[in-house]
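Subject: A structure for you to look at

Hi there,

Here is the structure I promised to pass on to you. Have a look at it first, and then read my notes below.

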Amino acid sequence: MADKLRKTPAPPSAAQKALHKLGLVRDIDLALHLPLRYEDETRITPLRNARDGEVAQIEATVTASEVQLRPRRMLKVVVDDGTGTCELTFFSFYPSHQKTLAVGARLRIRGEVKGGFWGRQMLHPQFRVAGGELPAALTPVYPTTAGLAQPYLRRAVVSALQRADLSETLPPGLEPPVGRFMGKNGVQGAFSLREALTFLHHPAPDVALATLEDHSHPAWQRLKAEELLAQQLSQQQSRRARDRLRAPVLRARHGEAVPLHEQLLAVLPFGLTAAQRRVGEEIAADLGRPVPMHRLLQGDVGSGKTVVSALAACLAMDAGWQCALMAPTEILAGQHFAKMVGWLEPLLAARGRRVAWLAGGQKKKERAAMLALVESGEAALVVGTHAVIQEQVRFKNLALAIVDEQHRFGVAQRLELRRKLEAHGMEPHMLMMSATPIPRTLAMSYYADLDVSVIDELPPGRTPIVTRLIADSRKDEVIARIGAQVAAGRQVYWVCPLIEESEALDLSNATATHQELSEALPGVMVGLLHSRMPAAEKKAVMALFSAGQMGVLVSTTVIEVGVDVPNASLMVIEHAERFGLSQLHQLRGRVGRGAAASACVLLYATNDSGRVGETAKERLRAMQETNDGFEIARRDLEIRGPGEFLGARQSGDALLRFADLATDTHLLEWARATAPLMLDRHPQWAERHVARWLGGRSDYLKA
Ligand code: ADP
Ligand code: MG
């Protein structure tokens, strides 16, 4: 009823819609929408002094104005300011423009000056009637979008700056370590938030522009510190909230029977590395506490994360609880399933329990049977893809959720998993695994709410992978080398690049390569694997390759994660320049898993002059220089920014807008140290700070 009486608000204008599209909803959003660059409209330049190539603002009188029709229709205007003349050219113009630009009119004109003393010109300059005061500050140019003109945006920012609550949220005594500025009275001071924002939107013309451009100006530093603090506060808040939740206590029972994890250790064909033992203990300690674990298990490809997760699962299963193991692709999940069944089913069978499988490509009947096992609790371990978190999947008592290649899953999916123990009033423990080493600064910022365990050692007996960069003009030689490898009983991966714009192109590429290799290598079984293939077909191809019958496997990036075929000793990556370094490192980790000497060939594209090839080669050289995943990740972060590492963990919204983790480490460290103090001593300030900076988006930083 009341709804009917309420006046419907006026429909939003195009400009308002555009503002929303940019996420500029609240006054504070506009206040924090900072300029990309600035224009100097504070001065009038005499034409005599205007230099070729410079943007200048002049005031001059129109001495000629005419429409020419050849070589095409254009408006030519000549202006004179008493020190010189300039010709203005407009290819598109309206009658109203002609009126303003009529002979005798005095105008203020701004544009890029071309030519010198003998004939200055401006193409499509901005112009308006002369007069009015010159602004005292530089004019901001904002990031914008279609339908949102700069003048509108500028006015919106100015009024938002006046309205927005910019009161301090940094308590006295907790100021950030940022540069100071010289106040009007000659006293050095620190920027308050209001002062910093006012300055950045409308800087004084004498500012060193370079310090605004590279964000090293104290006003920028102040904002970056605030942003990083908001991120830290939000993550530490969510960690504290989690510490108040309950989780099942999972501890090995001593007594009658041999614990499951000890039984597993006894049947493994290898002993654990020291690093595996250490992280195993870290995880076990977490699982023994009544608070949900959120731990990230990092370890380079091949470092042996799977067995560590299996041992953790044993602790839960032994205590009568269930575990889930989720992987992003059906192939990877399938490999985990096979491994878990091999290791654990004999042991579980003695306890009347088993391992269940859940995946999208499953037959209805099989799925129903699996769901029943999960619900009854007979399935002690459930392995699968995203299918594991679907609503119909009801666990009897999920105590530990393991997520492999965690960066491929989104926040929503992790939240889904966390809800699976809701009926018991608890949350399951979470173990997230990743082979992409996360550089330290990233771990400190985006992953601040997680505990991290690192396996920093490979199992013994691995031979280092030799990486070679080869121009794709020498592809034939590489193919010949494949022939020799296969003849020697080894197996080869050939990876075709991902073409982002088009999956279809991807496919035709892979298919063509498959054909080419099949023809060039008579007598060798060459298989093809790509993302569009039906699951059953993928499985069949993988089975042939795993069994060693297939010599060469051509694939798009589906093998990127997790595939484990120790006999494969050569990997060729085509168009390696299209991959990120960390991605290449992951791919490369698919070989060198057995005792044989292994190699990775990075083919890079060359054009006729070979120049594109050279820059690509430069970047790829890192792959040759080091096998250290952390070092490669660090270089990747420098080259490509954090987006690549975070993957689905973060929505773009929650990415840092101002701070740069490569240069702002000291601010990050300050924020990390300050957040807990603020939460303890000034909780209301912390609350206000997070609300101001993250608004409704703080959820994205959690889970
Ligand atoms: P990732 O960390 O990349 O997931 P995996 O868990 O797939 O690595 O392990 C890679 C290979 O190493 C597997 O074949 C696994 O059985 C084997 N492995 C794991 N731990 C050890 C170890 N301590 N000694 C020898 N081999 C091991
Ligand atoms: Mg793995």
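Helices (H or I, at least four residues) and strands (E, at least two) are DSSP runs, numbered from the N terminus.

Before going on, some ground rules. This is a predicted model, where local features need pLDDT of at least 70 and side-chain atom pairs count only at pLDDT 80 or more, while totals for chains, interfaces and linings use all residues. Residues are numbered from 1 along each chain as its sequence is written, chains are lettered from A and ligands numbered from 1 in the order in which they are written, and side-chain values use heavy atoms, with hydrogens and water left out.

**The whole chain**

The protein chain has 24 helices and 23 strands. Of its 703 residues, 50% count as buried (buried means under 20% relative accessible area, exposed over 50%, partly exposed in between, with a 1.4 Å probe and protein chains only). Take the contacts (heavy atoms within 4.5 Å) between residues at least 6 apart in sequence: 77% of them join residues at least 24 apart.

Most residues other than glycine have a negative phi, and most peptide bonds are trans. His124 has a positive phi, near 45°. You will find His124 in the loop between strand S6 (120-123) and strand S7 (126-129), and at 36% relative accessibility it counts as partly exposed. His575 is not a glycine either, yet has a positive phi of about 50°; its place is in the loop between strand S22 (568-573) and helix H19 (581-588).

**Around the ligand**

In another, a polar backbone atom of Gly271 lies 2.8 Å from a nitrogen atom of the ligand.

**Helix H5**

Arg154 sits in helix H5 (residues 150-163). Leaving aside neighbours within four places in sequence, Arg154 is in contact with Glu39, Thr139, Pro140, Val141 and Tyr142. A polar atom of the Arg154 side chain is 2.7 Å from the backbone oxygen of Pro140.

**Helix H9**

In helix H9 (residues 260-267), Leu260, His261 and Leu264 are buried. They cover an arc of only 95° around the axis (taken from the directions from the helix axis to the C-beta atoms), which puts them on the same side of H9. What covers them includes helix H11 (305-318) and helix H12 (330-349).

**Cysteines**

How many disulfides does a search of the whole structure find? The search finds 0 disulfides (pairs of cysteine sulfur atoms within 2.5 Å). For Cys323, the closest cysteine sulfur is in Cys314, 8.2 Å away and too far for a bond. Cys323 is buried, with a relative accessible area of 0%.

Happy exploring!

Terms used: A polar contact is a pair of N or O atoms within 3.5 Å; within protein, one must be able to donate a hydrogen and the other to accept it, and residues adjacent in sequence count only if both atoms are side-chain atoms.
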